[in-house]
Each structure stands twice: as C-alpha cells, then as structure tokens.
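Visitor: Hi there! Could you walk me through this model while I have it open?
Guide: Happy to. Let's bring it up and start with one term.

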Amino acid sequence: MTTKTKADVLRENGQLLDTIGLFTERLAELELALEDTDWIRLSLEGATEFSRDGLSKIITLARLAYLKNPLINRAVNVQAFYVWGQGVNIEAKPDEIDAVVQRFLDHPKNQAELSSHQARTMKEIQLQITSNLFFVLFTNNSSGRVLVRTIPVDEILAGDIITNPEDDKEPWFYKRVWRQRTFDVETGNTGSEERTAYYPDFRYRPPAAGRPDTIGGHPVHWDQPVLHVKVGGLEGMRFGVPEVYSALDWAKAVTKDLERYATLRAALARWAHKLTTEGGSAAVAAAKTKLGSTLGSGGGQETNPAPVTGSTFISTPGARLEAMQTRNALPDPDDGRRLGLMVSAGTGIPETILFGDAEVGNLATAKTLDRPTELKMLDRQTLWADTITDILLYVIEQAARKANGPLAGVVTLTADEDDAELVRLAVSVTDADGTESDVPPPIDVTFPDILERDIVARVEAIVNAATLDGKPPAGTIDPRTAVTLLLQALGMVDVDEILDQLVPEGTTWAELRPEPPAAPAVPGSGSTVPPADEVAETLREVRDAARKLLEVA
C-alpha cells in the first residue's frame, strides 16, 4: 500500500480545485453565450413586456446601428424624408384660434423642439430608433403659453409609467429619474445629482382636490403634462420597441459578409505580379535579391527602388513576369444580396431604394412606391397629424382656460362618470356641416402628396371637379378649398398666406368671377352675345395659356 505524503494530498487537492474552477468557468462561458450581443437574451415582465435593462440594450444597439451601419441609417433617413421632406401645412379656424396655433408654431423654442423642419425630421428619426417620444408641455399658469420639450426615453425607463390600476391603457403618471447637472458660479465646478419627479399624462386631469403635490416624497408637475408617442412592439406594452430591431442582426450580417469580401481582396492585392524563372533555387534567390527592398537592412536610403511607371522588364528567355490573375478567386459580393433583402423586409423600405442600385431602378421606381411602402409612409404621416393635433388642442385649451390667455372660454364638467373637464370657447366655430359649436375644432394638418404626380392632370381634375368639366362652378367645392388643392398640386407647402391673399375666408365663386366685358353687338340682331366659335376659341386660348403656366411652374 502506497502512503501519500502531505505534498501529494495538497497537489491532488490543488488539481481538484483547478478542475472545479475550470468547470465553473466553462459554465459561465455557456451562460454568456446565451447573452451574446448578436442575440441578446432578454427577461420578461409577465409575458408581454421586455425588461427595462433589455429594452435599454435594444435602444442602444439601434442608436449605434443608425450611426454606423449604412443600411439602417439609409432606411431610417428614407422614411424621415418621405414623411417630412415636403413639409406640412397646419391651419385652424377661425382666425382667433389660428392666431394662437401659429404663435405656438412660430415660437423659437418650439421650433427648436418640434415645429421647424429640422426638428420634425430629427423627431421622426428618434421615433424609429427609440420608438418612444415623451413630449412635455410646459404651461404658463397665467397666460396659458405652452412650450414643448421631450424627456429622453432612458430617464423614463429608469423610472416607470404608472397606469390606472383598473385600466392598463389609461396612463396616469410618468416617473422620471435623471441626473441633474449642477454648476457652482463661485468655483466654476460642475457636477450632477440624482432627481426624481412625476409628470401627469396630458389626458389625466382629476379634480383639483384629488391632485397630490408629491408622490413618495417626490414632486408632481401638474403644469408639465406629458404626451407619450409610442410605436413598435405589441399591444399591452407600456414602452415601444425600436422599429429597426428586427433588421439589426441582418444589417450586421451584411456588414460582416462584405468585410470578409474586402479582407480577401486586400489579401490578394498584396501580390501584384508572378515571376517564373528557370535555373532552380539559385535563380529564385537571385530574383528575390534583385527585386527586394533595401530598406531596413542597413538603415540607410533605399538603393533598389521600385520601377517607375512605364518601366520596361528585360529578362532572359527563361524568365517570365505576368500580372497575378484574381479572376474567379473571390466570391461574388452580390451572392449575399438576400441578406440585404432581410434588412429591406425588416425596415419596410424597397430594395431599389434601400440599396440605391441604378441597375434595378428606373424612372417608374423613382416616381412610384409599391403600395405597402406608400401606405407605411401615409400611416406615419397620420400618426404625426394626430400627435400635432393633440398638442395644438391642448395649446388652444390652455389659451382659453388661463385667466390672462388670448382666448376667452369657460371650463365645464361633462356629464360622464369621470367628471372630465371641457373647455367651451367664447368664439363660435362653424363646423363643416354649417353648425356652430363652442368646442375647439380639429386642426387641419395637411401633407403634400408622397408621390410625384402629373401636375397638369391633377390641376385639370380639380378644375373639372369644381366646375363640372368647364361649366360654371357647380358648388361641389367651395373656392377656398379649390384654391388650396390647386396650390398643393403646384407643390406649395405653406399655403396659408397665399390663400388669404387670393381667397379670403368666406369668399364665394361670384365674388371671384369678374364682370365680363360687353361683347360687340351682332349686326342686324341687336344681341351682344358673341358667336359660338369666338367663345370656343377664347376658351381654348385660356386653357393653352394655363397649361403653359403650369408646365413652367
């Protein structure tokens, strides 16, 4: 029987501990493999919601992909261009309400956040990447003036969205947790401190007696309600999931595929020529010496520089110098095109537009979109129209609710069980059916056509609809609407000022039509009606002149 020494026991125990440590390390690697950055493992809250940490990771990946991956960047920008590239026209009625709306849109701070072209485009990009926008409506308690800002989604993810305990689709508060920057004027030092606050949803307005000043010791900003715009994800999710999430992995796969192709090209580019010589190893060594560089051997100047452009290669009959043939040595980069098609499917942008390939695009694809993509853009424009309408209705309401606001109004309670407040305006508003109302009307948010149409054909269609094919106006379209459609058909974006100059509010067709000049009398009849052929010729001249003007426009 062999007796183990103390050293043997310690050695065996050490080996056992090393084995256990190695086994534990391998288990940790397997767990990390489940959480690889390519396929992030996300825990769920219940069965319908990503964890805050998981959703934050997805948003971070989407942001980085937009900044770095050309396909994601292109897809997001293309949608933003289609939605906002031609601008938008926003108008309200009557003039007193429209003045409040335009004052809000023209305010420099609101333009920096929402109402300028650049701000709207950036908000669309942010909405696609983060799928959550939290608009804060800072309200002046005296004048009712509203300034709009947004809370970063990360600050709400660090907090929470509190909903009605009996109705998850009715948000009450948005809990914001953030680091507030501080600045000491005396020392010039900067720092930060963590803060927490609650913001009510802009639709949640309990009676004044039921509005707490604090929740859990943190302030509640009742004068800063929040409008949450959410896209992506599933019904029941309190936070939206980035719309580009399904395309991120495929966009990365396309990048890796092309990187491998570029690596092979770089490797083959290292060899420019192939030299074949007779004479065995001695001849090969001589050729190597002749063609080799002298840099680094002696630390001095290059004594065997490469031939200049246009040099001549001279050799014995047994030596042959030829360019390296790389044909068929590389895979076709277009073989990975189907990877790119998955990016196209995930973003909803057609391949012809996503890749900008002139070979597969033509005039038809340049002026048209496939129907699903067109509806995708129209759907997003409708979402933005609804969002802008909600914000502007709040602006109008505050202008009438506050004591020193520019509009006069009375706050009443509705008859429903929620005792919701309703602001009734002192100015009456005429609805489309001719009835008068004291409730703020919907805002007219109009986008130009997404697709490029035939301007002449559109103008003729509008004229035919208003005049029933060249006859006097039939009353089917009022003058102001007809002129609005004509200006939009001509590509005008902000038609308000032009419209007020051409067709003031309430203008009729009779007021627009000038008195015709007296026609010369027909000899022997006493009539002043010109012959039919002259009338027809005049109409033809007017139509031809109008078409020329439209073509120039």
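Guide: A residue is called buried when its relative accessible area is under 20%. One thing to keep in mind from the start is that this is a predicted model.

Visitor: Good to know. How many residues does the protein chain have, and what share of them is buried?
Guide: The protein chain has 553 residues, and 31% of them are buried.

Visitor: And how many helices and strands are there?
Guide: The chain holds 18 helices and 18 strands.

Visitor: What fraction of the contacts with a separation of 6 or more comes from residues 24 or more positions apart?
Guide: Such residues account for 60% of those contacts in the protein chain.

Visitor: Let's move to sheets. What is the strand order in the one with E6?
Guide: That is an open sheet of three strands, ordered E6-E7-E8, with antiparallel pairing. From one strand to the next, the twist averages 25 degrees.

Visitor: How many bridges hold E6 to E7?
Guide: Five bridges join E6 to E7. These two strands form a hairpin with two residues between them, and Thr163 sits opposite Pro171 in E7.

Visitor: How many bridges are there from E7 to E8?
Guide: Strand E7, residues 167–183, is joined to E8 by eleven bridges, and the two run antiparallel. On that side, Tyr174 faces Tyr199 in E8.

Visitor: Now the sheet with E4. Which strands are at its edges?
Guide: The order there is E5-E4-E11, again an open antiparallel sheet of three strands. Strand E5 (146–151) and strand E11 (226–230) are the edges, each with a single partner strand, so one side of each has no neighbour in the sheet. The twist averages 25 degrees from strand to strand.

Visitor: How do E4 and E11 pair?
Guide: They are antiparallel, over five bridges. Asn132 stands opposite Lys230 in E11.

Visitor: Which strands of this sheet does helix H5 touch?
Guide: Helix H5 (residues 108–115) packs on the sheet and touches E4 and E5, with its direction at about 40 degrees to that of E5. Helix H13 (residues 371–401) also packs on the sheet, touching E4, E5 and E11, and its direction makes about 15 degrees with that of E4.

Visitor: Changing topic: is Lys123 buried or exposed?
Guide: Lys123 counts as buried, because its relative accessibility is 8% and the cut-off for buried is under 20%. This lysine lies in helix H6, residues 117–130.

Visitor: So which side chain does Lys123 have a polar contact with?
Guide: The side chain of Glu113, at 2.9 Å. Leaving aside residues up to four places away in sequence, Lys123 touches Glu113, Leu133, Phe135, Thr150 and Trp384.

Visitor: What is the backbone phi of Ser131?
Guide: Phi of Ser131 is positive, about 65 degrees, although the residue is not a glycine. Ser131 lies in the loop between H6 and strand E4 (132–139), and it is buried, with a relative accessible area of 0%.

Visitor: Where is the cis peptide bond?
Guide: A cis peptide bond joins Lys93 and Pro94, with omega about -5 degrees. Pro94 lies in the loop between strand E3 (89–91) and helix H4 (95–106).

Visitor: Last topic, rings. How many aromatic pairs does the structure hold?
Guide: Ten. Among them, Phe50 and Tyr245 are edge-to-face, 6.4 Å centre to centre with 90 degrees between the planes. Phe50 lies in strand E2 (residues 49–50) and Tyr245 in helix H8 (residues 245–269), so this pair ties together parts 195 residues apart in sequence.

Visitor: What is the geometry of Trp84 and Phe447?
Guide: That pair is tilted, 5.3 Å centre to centre with 55 degrees between the planes. Trp84 is in helix H3 (residues 70–84) and Phe447 in the loop between strand E18 (444–446) and helix H14 (455–467), 363 residues apart. Both Trp84 and Phe447 are buried.

Visitor: Which residues do ring pairs link into a cluster?
Guide: Trp172, Phe173, Tyr198, Tyr204 and Trp222.

Terms used. Residues are numbered from 1 along each chain as its sequence is written. This is a predicted model: local features need pLDDT of at least 70, side-chain atom pairs count only at pLDDT 80 or more; totals for chains, interfaces and linings use all residues. Side-chain values use heavy atoms; hydrogens and water are left out. Two strands pair if DSSP finds at least two bridges between them. Helices (H or I, at least four residues) and strands (E, at least two) are DSSP runs, numbered from the N terminus. Axes are lines fitted to C-alpha atoms, for helices over the stretch in contact, and angles run from 0 to 180 degrees between N-to-C directions. Buried means under 20% relative accessible area, exposed over 50%, partly exposed in between (1.4 Å probe, protein chains only). A polar contact is a pair of N or O atoms within 3.5 Å; within protein, one must be able to donate a hydrogen and the other to accept it, and residues adjacent in sequence count only if both atoms are side-chain atoms. Contact means heavy atoms within 4.5 Å. Rings of Phe, Tyr and Trp (its six-membered ring) pair if their centres lie within 6.5 Å; planes under 30 degrees apart count as stacked, over 60 as edge-to-face and the rest as tilted.
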